[in-house]
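Here is a short report on one protein chain. It starts with a group of aromatic side chains and then moves out to the chain as a whole.

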Amino acid sequence: MNSNNSLYLGIDTSNYTTSVALCDGDGNIVLNLKKILAVKSGERGLRQSEALFAHTKNLPILMEELSSFLDENYPKRQIIAVGCSSRPRDVEGSYMPCFLAGVSAARSIASVVGCPLYEFSHQNGHIAAALYSADKLCFLESKDAFAAFHVSGGTTELLLVRCDTGEPCVEIIGGTADMNAGQAIDRTGVLMGLTFPCGKEMERILNHAEQIPHQKTRPSVNGLECNLSGLENLAAKLYRDSGDVAITSAYCFDFIADTLYKLATNLREIYGSIPIIFAGGVMSNKRISEHLASLGSVSFSEPEFSADNAAGVALLARRRHIASKV
């Protein structure tokens with residue numbers, strides 16, 4: 001089939017976002033739909049059973065939007081492959097029930113359409129989406145390794161990525177020993193009375209406040225491993241003493257930025273001037289990314305492709321489908 005008539009569908013059902021994306025035959029993301037899972041006021045997250053139920057309700061809504069989009073924009077195009085996130089990471093035993101919703105939907109669509117289904121890890125989807133947004137998909141064609149930070153509510157990992165097969169092959173070489181960066185942000189936000197997930201609201205409040213200089217922190221980093229659990233207590237004390245949401249938010253972001261900066265510095269002492277890509281929902285924070293940009297030879301994705309999304313899965317489905325025809 002002519003690539004101009006080809007569409008690749010990606011589905012991702014992470015712990016906090018239902019997402020559906022379309023990639024065209026030329027490798028462009030033409031649709032990236034997302035629906036955040038609702039969390040009750042005062043709560044700091046969702047149980048897996050709650051997330052699975054929420055995805056079950058969200059997916060038909062997004063599929064209706066997808067259908068309308070196709071009818072209006074691509075009536076003659078066909079979905080020739082479907083990709084989905086079926087696990088958090090590409091390691092044995094990696095499993096979360098919330099991904100079952102996306103796998104079920106993807107299998108159903110692929111069966112009805114009569115096209116192949118490809119399964120990927122949520123983490124690899126994040127990496128591919130970040131590379132796409134940063135115009136670094138060429139990394140997937142290179143034999144040289146690159147480093148990726150996957151920083152979100154559920155993950156804070158430092159990864160060594162090789163792409164000998166045309167897809168990310170990931171080795172965890174560092175990261176947090178306790179709390180994830182996104183957890184620290186959300187727990188701080190909930191403490192201050194904000195709605196979970198809290199990162200966007202904390203950033204919005206900070207952006208509307210008077211300029212707050214980068215604050216001095218003392219991150220806990222040993223080699224390629226860090227500890228972030230102390231941040232929750234430090235931020236709580238700062239908020240009790242100041243009563244200021246903006247100042248506390250800035251401190252929380254600066255602590256994470258300084259921690260990632262130190263990890264990246266230590267990484268390059270070991271691996272030399274290796275390029276680094278930052279992925280995951282926390283990396284959509286401009287205060288954090290602007291500080292890390294001074295490292296040099298680093299790439300960031302736009303917020304749309306930093307937070308949980310299905311775009312990377314759609315892109316990987318296209319790559320694997322093309323490779324299967326060679």
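## Aromatic cluster

Phe149, Phe278 and Phe300 form one aromatic cluster. The model is predicted. A search of the whole structure finds seven aromatic pairs. In one of them, the ring centres of Phe278 and Phe300 lie 5.1 Å apart. Their planes meet at 10°, under the 30 degrees cut-off, so the pair counts as stacked.

Phe278 sits in strand E11 (residues 276-279) and Phe300 in strand E12 (residues 298-300), so the pair ties together parts 22 residues apart in sequence. Phe300 has 21%, so it is partly exposed. The cut-off for buried is under 20%.

## Overall fold

The protein chain has ten helices and twelve strands. Its radius of gyration is 20 Å, close to the 20 Å that the globule rule gives for 326 residues, so the chain is as compact as a globular protein of that length. Along the principal axes, the C-alpha atoms fill a box of roughly 60 × 45 × 35 Å.

## Burial, surface and charge

Of the 326 residues, 54% count as buried. The accessible surface of the protein chain is about 14,600 Å². Carbon and sulfur atoms hold 49% of that surface.

The chain carries 29 positive and 35 negative charges.

Terms used
Residues numbered from 1 in each chain as written. Predicted model: local features only at pLDDT ≥ 70, side-chain atom pairs only at ≥ 80, totals over all residues. Heavy atoms only, no water. Helix = DSSP H or I, 4+ residues; strand = E, 2+ residues; numbered from the N terminus. Rg over C-alpha atoms; globule rule 2.2 N^0.38 Å. Buried < 20%, exposed > 50% of the residue type's maximum accessible area, 1.4 Å probe, protein only. Areas by Shrake-Rupley, 256 points an atom, 1.4 Å probe, with all protein chains shown as cover. Lys, Arg positive; Asp, Glu negative; His and termini not counted. Charge placed at Lys NZ, Arg CZ, Asp CG, Glu CD. Phe/Tyr/Trp six-rings, centres within 6.5 Å; stacked < 30°, edge-to-face > 60°.
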